[in-house]
Amino acid sequence: MELSDRKKRILRAIVEMYIATAEPVGSKAVALHAGLEVSTATIRNEMADLTEMGLLEQPHTSAGRIPSPAGYRLYVNELMDRHQLTLQETERINSALNLKMEELDRVIDRAGKVLSQISDYPVFTLSSAKERVTVRRYDLLMVEESAFIAVVMTDTSVVKNKLIRVSDQLSDTQLQLLSTVLNSSFVGLTRDEMSEALDKMETHSAPGAFRLISIVVEFAMEILSQQSRQTVHTSGITHLLEHPEYSSMDKAKPLIRYLSEENDGDGAHLPVVPMDGNSNMNILIGPENVNEALKDTSVVMASYDIGDNMKGVIGVVGPTRMDYAKVTARLSYFADSLTRMFGKGELPAGEPAEDSEE
């Protein structure tokens, strides 16, 4: 829809003041914020027009107005300035992401926690499963004569270990031999291929040796099974309670329950939708979210490339009054950083504008 410049300035002022205060905005406040040299009566008339156009709403009998979902949508699409991150923000983000030797899940989980702390909104992170995951190496470490630690590293640099106890005494020579068999016969294989190799080995292996091999291989297969599933992490759910929209537990409980349930699942019901071909960013405002628990919230998502045909999504959930400019800037930087780190092994310079402010 076409709006006059004055209507755009009024709508923008109302959105930004409501984001900051969570209180309905009146004509006097608009005049001060927007710097309009017109009477408050003229501003009230323009606000009435914007209300009739469905861009503003009048809660109860208040003389002030608040943005409607359509008003937020127009603001996000046309009126919102690009927010520049501060130097402190970029340093904090880079610190959270600079964990190249750690597991993918740990890096993404930590990234989500930091973004939630910075934004004061819940954050979910979702990574797609790699089509083919294999074991790169086995290391066996003697603990005592009847126990050893099996260390398994996958080709995605995930490292897991398990303490394994056996009923018989085990020598260093036996452990070295076991390590040799594992690293010669059970690396570079998928979970199904590993199962087939184990079945074939059973027919020509001594029972005692095969039992040890099968214990370690079954542990490795469990790891590969976990890595082949889509993973989701949710951070900062309790941040919702810091916003006046969710001061009532009756209002907050359905959303908290929804996000908590997704935290334990595979993310199949999270509001992830295909990204626009020209952008890695997507914003769903209010009723644009199909899930009932999200109907009064906004979800801002950014996609990132993990490499090896793996994709991920990081998203922020909050009231429709959320600060879209700051949220999109932080999400975009996070997504770009994750793509650079996983794809190229580097982080962006991330130098903010000199006049950036929190």
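The side chains of K7 and E46 form a salt bridge, with N and O 2.5 Å apart. The model is predicted. K7 counts as buried because its relative accessibility, 14%, is under 20%. E46 is buried as well, with a relative accessible area of 7%.

E46 also meets R6. The side chains of R6 and E46 make a salt bridge with an N to O distance of 2.8 Å. This pair, too, links distant parts of the chain. R6 sits in helix α1 (residues 5-21), E46 sits in helix α3 (residues 40-52), and 40 residues separate them. R6 is partly exposed, at 33% relative accessibility. R6, K7, E46 and D49 are linked in a network of salt bridges.

The count of salt bridges comes to 13. One of them joins K295 and E292. Their closest N and O atoms are 2.9 Å apart. K295 is partly exposed, with a relative accessible area of 40%. E292 counts as exposed because its relative accessibility, 55%, is over 50%.

The ring centres of Y72 and Y324 lie 5.6 Å apart. Their planes meet at 55 degrees, so the pair is tilted. For such pairs, planes under 30 degrees apart count as stacked and those over 60 as edge-to-face. The pair links distant parts of the chain. Y72 belongs to helix α4 (residues 69-79), whereas Y324 belongs to helix α11 (residues 324-344). The two tyrosines are 252 residues apart. Both Y72 and Y324 are buried.

Helix α8 was examined for its span and its faces. The helix runs over residues 191-202, twelve residues in all. At 1.5 Å a residue, α8 should span 16 Å. Its end C-alpha atoms are 17 Å apart, which agrees with that expectation. The buried residues of α8 are M194, L198 and M201. Viewed down the helix axis, these buried residues fall within an arc of 65 degrees, so they line one face of α8. D192, E196 and K200 lie on the other side of α8 and are exposed. The buried residues of α8 pack against three elements: β4 (135-144), α7 (172-185) and α9 (207-227).

These local features belong to a protein of 358 residues. The protein has eleven helices and ten strands. Of its residues, 47% count as buried. Its accessible surface comes to about 18100 Å². Carbon and sulfur atoms hold 47% of that surface. Among contacts with a separation of 6 or more, 61% are between residues 24 or more positions apart.

Note on methods:
Residues numbered from 1 in each chain as written. Predicted model: local features only at pLDDT ≥ 70, side-chain atom pairs only at ≥ 80, totals over all residues. Heavy atoms only, no water. Helix = DSSP H or I, 4+ residues; strand = E, 2+ residues; numbered from the N terminus. Buried < 20%, exposed > 50% of the residue type's maximum accessible area, 1.4 Å probe, protein only. Contact = heavy atoms within 4.5 Å. Areas by Shrake-Rupley, 256 points an atom, 1.4 Å probe, with all protein chains shown as cover. Salt bridge = Lys/Arg side-chain N within 4 Å of Asp/Glu carboxyl O. Phe/Tyr/Trp six-rings, centres within 6.5 Å; stacked < 30°, edge-to-face > 60°. Expected span 1.5 Å × (residues − 1). Arc of directions from axis to C-beta.
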